[in-house]
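Hello,

Here is the structure I promised to pass on. Please open it first, then read my notes below.

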Amino acid sequence: MLSHQEECDIQEVTTLLRTYAIQHYRDHSFVSHLVSKVASNVNTLGVSTAVSIYSSLSILDLLDEELALSLESRFGNRRKSGERLEFEVDDTLNIRDIIEIGYSKLIQQDPGNDSFWLMKDLLERIAALWDASIDTTLQSQYIRKLTVLIAQLKCSAEPCYNSIRKDHIETLESIIGSDIGYKKFKTTTLINKVAQHLEKLRIRFETNVYYNGILLDIMEKDRNLVWLCNSYHRFYAGTFDLTAERRTLDRLLKAFGFKTCHVNFYQWGRLKAKRTRFAYIRMARYYALYDNREYDHRYAGWSLPYVWWNTSRQDQMHVSNYIKYEP
């Protein structure tokens with residue numbers, strides 16, 4: 001494939017990037033070549049092609065600011081109106097494409113206020129298309145992405161959300177309401193194992209909870225704590241780096257007021273003894289509930305151990321310099 005890099009046309013590049021985005025595969029020189037090819041041919045891209053590439057590169061976390069602005073200019077018109085940004089998408093885009101654009105903008109982790117105004121304009125466009133009965137069929141995955149967009153805007157930029165017309169808000173709520181009902185999600189072996197340990201520790205919880213468009217692996221009933229059991233498919237292929245989408249959802253959960261506790265598959269798999277797993281669960285829960293490193297600069301940069309075992313005369317002793325905490 002590397003020997004035929006120059007022979008790829010833009011449609012093949014789009015298909016390859018979409019495939020790599022689904023597989024969370026980005027650490028290869030060929031992927032870098034595809035990104036550079038997109039950057040050199042961005043002015044010739046069609047509207048639908050630009051949206052697809054924009055979404056794929058956002059998922060792969062390979063979209064820099066300059067390329068993002070160039071792609072946005074292919075499917076929309078960006079202009080300043082006073083202190084806020086106005087963004088008008090192309091008339092040929094349907095609701096699914098607009099949701100993909102907004103969700104891609106969300107996972108880019110843009111800290112500026114312009115991204116909130118862009119999402120607000122996209123939501124108004126979705127409501128207008130829905131009211132005009134131009135496109136009124138959405139799969140569950142798009143409804144959940146739309147739910148995440150609305151929740152993010154309402155939680156992080158409430159003045160921006162309140163500026164949306166009331167009839168558009170009612171339309172958006174009706175779209176979200178169409179996905180209300182019993183939902184059955186597939187669980188994983190890691191979630192089941194962590195749940196079994198929490199049950200042994202007599203911690204009340206629920207598994208596979210649907211909240212604001214986000215699937216929570218394990219949510220405790222007595223504490224505002226969410227356990228995120230990160231299996232291999234939540235990381236980029238061949239790395240220990242969480243995908244941009246998972247990092248964004250973790251940031252949203254904290255914005256919603258939850259505390260998050262991560263259980264990564266590569267750490268859990270190394271804990272062979274049962275008591276080491278219980279020690280890991282206890283300390284992970286303790287750190288999630290009482291760790292102040294994010295709020296107290298005196299503890300910034302500290303690396304806190306989860307399990308530390310000393311072997312002496314065939315006996316293993318748990319050594320900890322922290323306050324003993326048992327749930």
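Is Tyr-161 buried or exposed? Tyr-161 is buried, because its relative accessible area is 8%. (Buried means under 20% relative accessible area, exposed over 50%, and partly exposed in between, with a 1.4 Å probe and protein chains only.)

A word on the source. This is a predicted model: local features need pLDDT of at least 70, side-chain atom pairs count only at pLDDT 80 or more, and totals for chains, interfaces and linings use all residues. Residues are numbered from 1 along each chain as its sequence is written, and side-chain values use heavy atoms, leaving out hydrogens and water.

Back to Tyr-161. Helix 8 (residues 158-162) holds Tyr-161. (Helices, H or I of at least four residues, and strands, E of at least two, are DSSP runs numbered from the N terminus.) Leaving aside residues up to four places away in sequence, Tyr-161 touches Ile-150, Leu-153, Lys-154, Ile-169 and Glu-173. A contact here means heavy atoms within 4.5 Å. Ile-150 is eleven residues from Tyr-161 in sequence, and their C-alpha atoms are 8.1 Å apart.

Now the whole protein. There are 13 helices and eight strands. Of its 327 residues, 47% count as buried.

Next, the cores. A nonpolar core is a set of buried Ala, Val, Leu, Ile, Met, Phe, Trp, Tyr and Cys residues joined through side-chain atoms within 4.5 Å. The largest one has 72 residues. Leu-71, Phe-75, Leu-123, Ile-126 and Leu-153 touch the most other members. Helix 6 (residues 114-131) gives this core its largest share, nine residues. Domain 1 (10-178) and domain 2 (189-295) each supply at least three residues to this core. Those domain bounds come from an automatic or database domain assignment. A second, separate core has 22 residues, including Trp-227, Cys-261, Ile-281 and Leu-289.

Last, the largest pocket. A pocket is an open set of points on a 1 Å grid over the protein atoms alone, where a 1.4 Å probe fits, with protein on both sides within 12 Å along at least five of seven lines; lining residues have an atom within 4 Å of a point. The lining has 28 residues. Tyr-103, Leu-215, Glu-245, Arg-246 and Leu-249 lie nearest the pocket's centre. Helix 7 gives the most to this lining, with five residues. Both domain 1 (10-178) and domain 2 (189-295) contribute at least three residues to the lining.

Best wishes
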